[in-house]
Every structure is written in structure tokens, then in C-alpha cells.
Amino acid sequence: MIIREYCADDLPEMIKIWNEIVDEGIAFPQEELLDIKTGSDFFASQSYTGVFVDNNEILGLYILHPNNIGRCGHISNASYAVKSSCRGKHIGEQLVLDSLAKAKEIGFHILQFNAVVESNTHARHLYERLGFKQLGVIPGGFKMKDGRYENICPYYHIL
């Protein structure tokens, strides 16, 4: 098992995993699925995109990029995707830990999550266990796939 920077050959599997999360409609803000062109552009635009590989199979990935620009450009943001058949195997934890190290290596000072859906208890417990602090609650900040609005909980971790 390794986490490494993605390459072009990884894109079809990465896009499949990413789209699985988007299609579930309960975690990522995106509503449009990626295709090979939009996926290539999207992953290339990140400060870093890492893939979790086991036996030459991509099981998860993360993206890392600035959360904002200029005077707030030292704050990073990340998103994580784990293949649905591999969830519960601590792949997400390894992706988060790798992203913390990579963010610091790149020169970011903080890793912030803007929109962790309140009902995403597995992610929230993981983040809290790894030392992330919750900033508060934004009522109705996330529109679920079924049209309901759920609260979001921003988190941050000083690097």
C-alpha cells in the first residue's frame, strides 16, 4: 500500500471513485460528474492530488489546494474519496494523514474543511481523532441529493 502523486494512467479509476461520491450526493458540493476531459483538468488544477494504491489498484484519492487566495492563501483545503467497496478499512485515515504532511511540505499553515456534512459522523469522528477542531455549525449549508438541507461543520487543523 502506498500513497503517491497521481499520473494520467490513473485518471479513469480516479474519476470513477470521485463520481461515486458526487453521485451519492451526501458529501461533495459538486453536482456534475467528471468525464476524462473535465477530470483531467480538475485533478491537474490541484496543488497536489494523491492516490492510495494497493496491489496496483487505486482504492482512494485526495485533492489538496488553497482554500482562498492572497492573504488567506496559506490555508489549504482537501477532499477525500474512497472506493465504496473499500470503506471502513482506514484508507480515509491514511489519506488525511498524508494530506496533512503534504500540505505542510507545500508550505500551507492550516488545513481547513469548509463543508463537512453534520450527518457524516464517520468523517467527523476521524477528523476530531486526528486533532481537527470544529469551528461551529452552518445551518442548512449543504443541499443533499434528495433536496433536503443539512447543517455543515467547518473544521481546521494547524500544520
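Here is a short tour of this predicted model, from the whole fold down to a single side chain.

**The whole chain.** Start with a cartoon view of the protein. You will find four helices and eight strands, arranged along the sequence as β-α-α-β-β-β-α-β-α-β-β-β. Zoom out, and the C-alpha atoms fill a box of roughly 40 × 40 × 30 Å along the principal axes. The radius of gyration is 15 Å, which agrees with the value near 15 Å for a compact globule of 159 residues.

**The surface.** Now colour by charge: the 15 positive and 20 negative charges have mean positions 5 Å apart.

Hide the surface and look inside, where 44% of the 159 residues are buried. Select L64, Y80, V96, L111, F113, Y127 and F132: these have the most contacts inside the largest nonpolar core, a group of 25 residues. Elements that give two or more residues to this core include β3 (57-66), α3 (91-106) and β8 (149-158). Which element gives the largest share? Select α3, which supplies five residues.

**One residue up close.** Centre on F132 and show its neighbours. Leaving aside residues up to four places away in sequence, F132 touches V96, L100, L111, F113, Y127, Y155, Y156 and H157.

**A second core.** Finally, select L11, W18, V22 and V51, which are among the 18 residues of a second, separate core.

**Stepping back.** Show the contacts across the protein: of those with a separation of 6 or more, 61% join residues 24 or more positions apart.

Technical notes: Residues are numbered from 1 along each chain as its sequence is written. This is a predicted model: local features need pLDDT of at least 70, side-chain atom pairs count only at pLDDT 80 or more; totals for chains, interfaces and linings use all residues. Side-chain values use heavy atoms; hydrogens and water are left out. The radius of gyration is taken over C-alpha atoms; the globule rule is 2.2 Å times the number of residues to the power 0.38. Buried means under 20% relative accessible area, exposed over 50%, partly exposed in between (1.4 Å probe, protein chains only). Contact means heavy atoms within 4.5 Å. Lys and Arg count as positive and Asp and Glu as negative; His and the chain ends are not counted. The place of a charge is taken as NZ of Lys, CZ of Arg, CG of Asp or CD of Glu. A nonpolar core is a set of buried Ala, Val, Leu, Ile, Met, Phe, Trp, Tyr and Cys residues joined through side-chain atoms within 4.5 Å.
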